[in-house]
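Dear colleague,

A summary of the findings follows it.

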Amino acid sequence: VFPGVRQAQWLTKTKLVEGLPPAVQGIVDNAALGLPELEERAKHMVSHARLWDTAEVAPRREQYCPVLFENLMHICRLMSGKYPSLSKRMLARNCRIAATWERESILLQVRGLSGILMNSMTPIPPVASKEEILATKEHVLETFYPIAPTIDLQEVNVYKELNDTGQCFRDGYPYSHPHTLFFLESANVRTDRFRPEQLRAKMLMFAFGNALAKAKVLHGNDPKVLDQPIVVQSIGTDGQLFQFMVFQLNTTDLVSNDGVKNLVWIDSDQNLYERAQCVPEVKKRVVTKPAGISGFQPDTFKKFLALYLHGTV
Amino acid sequence: MAALGARRLLRPGRRWFSETVPGALSPPASPLYPPVVASITAKSKTAKSRRLQRFNQRVHAAATVEEKLRLYGKLQRPKYMVYPQTFALNADRWYRSFTRTVLVPGLPPRAAAAKPPAGRAPEPRAEASAEAPGVAEAPGAAKTPEPAAGAAPYLDIGELRSLTCDALLQESFYQNKKRPFLYRDQDHTPGPFLTQLVSTLAASLSVRNPLLAASSLDLKPEVNYYWHHGEEVVVHGHRKGRVDPVRFQIDDNPHLQIRVPKQLPEVVPLESDLGDVPVIDHKPSKLPLFKKQYENKVFIGSKVADPCCYGHTQFHLLPDKLKRERFIRERLEDQIEVVYRSNGIASLFAWTAAQAMYQGFWNEADVTRPFVSQAVVTDGKYFAFFCYQLNTLALTAETIKNNPRKNICWGTDSKPLYDVVEDGNVKGFNDEVLLHLVHFLLNRPKEL
């Protein structure tokens, strides 16, 4: 109906900041990462996923989207040569997440398969400083009067309030801090895929759900302002467009509309490449579009890598 | 007309052939007549061989590898589908005869330890249980040159062991999963565990092995190979009675594979003879093998344009149909190892042969250097390791006559990685299996 992120912001009591936080931007600009040869490898990986991976002429999105994701993760994991603490990460697929909270006397719940989750042994340090957190007190959440904020949400009778990512992992799991969530929109048909705006909203809701569940495990169920804000990142893609998000949970006091708010930084609609041509397009015996990847943007890959390395560098 | 011609011949005087002066005629610069060769379209054996020669020349003269592969697999006829993961009894003997492979028990000696490969090659064959002394001396021998080289840090088995245990515990214990689907136990726990294990181990070992740092990891890729071996007579149909080559096709789906841009070094020289290839007099359909006709595919996991065109290691997961309990229940305990061996031989033959075809070799243009790849076959708990060296692609009836070369496969028996996972602890962890896996991943060409 209208942009989903605004609705998600109201539901999770969050303030939006455009662009990536300065900590992550610092990793992107850090030249010591040795990025030129990584760009070359990233380009090969994109070509592999989009052009070379199948015995047929062109792979379909259901095939190339996960393959591209796996290839990019492979390059990122190989960086653990330089940063040994990167090996303290573990990927978990098909994680079920469940979190419940109250928002101005409406009980809300997030449940479902939250894509692929990467956990780490150490939490990500808070991205926003204390002053910025306190400054969110003045920020007024956008309301959508006369539209109720729970429009397009499914109303169910909840009998059990499920609360933990401990639902996903048992106690004593060494990699207990959720680090990054990955969402792959890999349906072949365009109507089955989320549009970028809806994808961003979905990423925000699930990042919030994971952070909230972790906060309740760490600090208990009472609503309060957190001393140690919890940071969860999220990356969503459909094989070509990437959405990057860093979410910081500052407070679990979500009933009222004022007070400290949570923060989210969103960098949306980053193209990794313009076009991937499997067979050269020929019009009137002249090659108009040669085969291969055109318009490769290394910045998008740098941001992917920076989000991966965030917390250890 | 004939009578007229005869009268003309009988008439004296008018003679129409001139007298040739001996010695005055010089031999013509080019032959006057085209060479006398067999026809192309006749229904005769020489015509068939001439057509075959023309086809071979066409393939030899193909401009690109894709064109060569297209011509190689152009003719589609019913072919035997060879499955690497099969329940057929004694399938590994049959597969060895189809692919001309010698099976050598035990693993090849490590490149760092093997100074003259020809001298060391008979040893794995002579020692029946080669793994225990082989592994005990290999890490020692492998570690001593390396500090002398002064490049690589100490191999921390404890850390690798903890990574392995973490992956195992996450998949089997910590993560709350729903019950496994019926007969899909392998997708529930061992599959994700293997993916997790290989990706983390490869990442952490990439420091020591720069080849891994440039590698490409495929999840559930497709590997196909098509070849001819032997001859048979067509039994029924409109082509009845003709002699045809026996066609085979392998369509394999490893769980995971690592492809690299540089080739692994050879283990033994190209012409070495380490054993005998079993000869089986029966038709392949007795195995049982069934024929199907579809596209003849040759594929290593990605197309020819990919720079990572050589194979490093494959990881295979055995399905539920072939689990150990089933064989024990049917009192076929000796077939358990056959399953691992047949999977290793067939998959690795298909992969190495497809890699060789990507470089332009085929059965008329045999390989000039051996192609080496490795594989790990597992059912989640038991691991078996295989190393394959492809020395020859010439397996058709004409080319195999004068071909002394054989392909070689080294393989171990399956051993458990751990005993049981209980209460967040892995009991009975076997370091030897982990060491084998690590050595496999660390394998690289000598100059790197």
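This is a predicted model: local features need pLDDT of at least 70, side-chain atom pairs count only at pLDDT 80 or more; totals for chains, interfaces and linings use all residues.

Does A:Asn30 count as buried, partly exposed or exposed, and what is its relative accessibility? A:Asn30 counts as partly exposed because its relative accessibility is 27%, where buried means under 20% relative accessible area, exposed over 50%, and partly exposed in between (1.4 Å probe, protein chains only). A:Asn30 belongs to the loop that joins α2 (22–29) to α3 in chain A. Its C-alpha lies 18 Å from that of A:Arg41, eleven residues away in sequence.

Residues are numbered from 1 along each chain as its sequence is written, chains are lettered from A and ligands numbered from 1 in the order in which they are written, and side-chain values use heavy atoms, with hydrogens and water left out.

Chain A as a whole

Chain A contains seven helices and 13 strands; helices (H or I, at least four residues) and strands (E, at least two) are DSSP runs, numbered from the N terminus. Of its 313 residues, 53% count as buried. Of the contacts (heavy atoms within 4.5 Å) in chain A between residues at least 6 apart in sequence, 75% join residues at least 24 apart.

Helices of chain A

Helix α3 (residues 35–52) and helix α7 (residues 298–309) of chain A have axes that come within 10 Å and cross at roughly 105°. Axes are lines fitted to C-alpha atoms, for helices over the stretch in contact, and angles run from 0 to 180 degrees between N-to-C directions. A:Leu35, A:Leu38, A:Glu39 and A:Ala42 in α3(A) meet A:Pro298, A:Phe301, A:Lys302 and A:Leu305 in α7(A).

Helix α6 (residues 196–219) of chain A has 24 residues and spans 34 Å from its first C-alpha to its last, close to the 34 Å expected at 1.5 Å a residue. Because 17 of its 24 residues are buried, α6(A) is largely enclosed by the rest of the structure. A:Gly220 follows α6(A) and has a positive phi, near 90°.

Two further sites in chain A

A:Pro22, in helix α2 of chain A, is exposed, with a relative accessible area of 63%. Its C-alpha is separated by 8.0 Å from that of A:Val127, 105 residues apart along the chain. A:Gln277, in strand β10 (residues 275–277) of chain A, counts as buried at 13% relative accessibility.

Chain B

Eight of the nine residues of helix α4 (residues 91–99) of chain B are buried, so α4(B) is largely enclosed by the rest of the structure. Just after α4(B), B:Arg100 takes a positive phi of about 55°. B:Tyr183 has a positive phi near 60° and is exposed, with a relative accessible area of 64%. The peptide bond from B:Leu287 to B:Pro288 is cis, with omega near 20°, and B:Pro288 sits in the loop between β6 (256–260) and β7 (291–292) of chain B.

Yours sincerely

Definitions and conventions. The expected span of a helix is 1.5 Å times one less than its number of residues.
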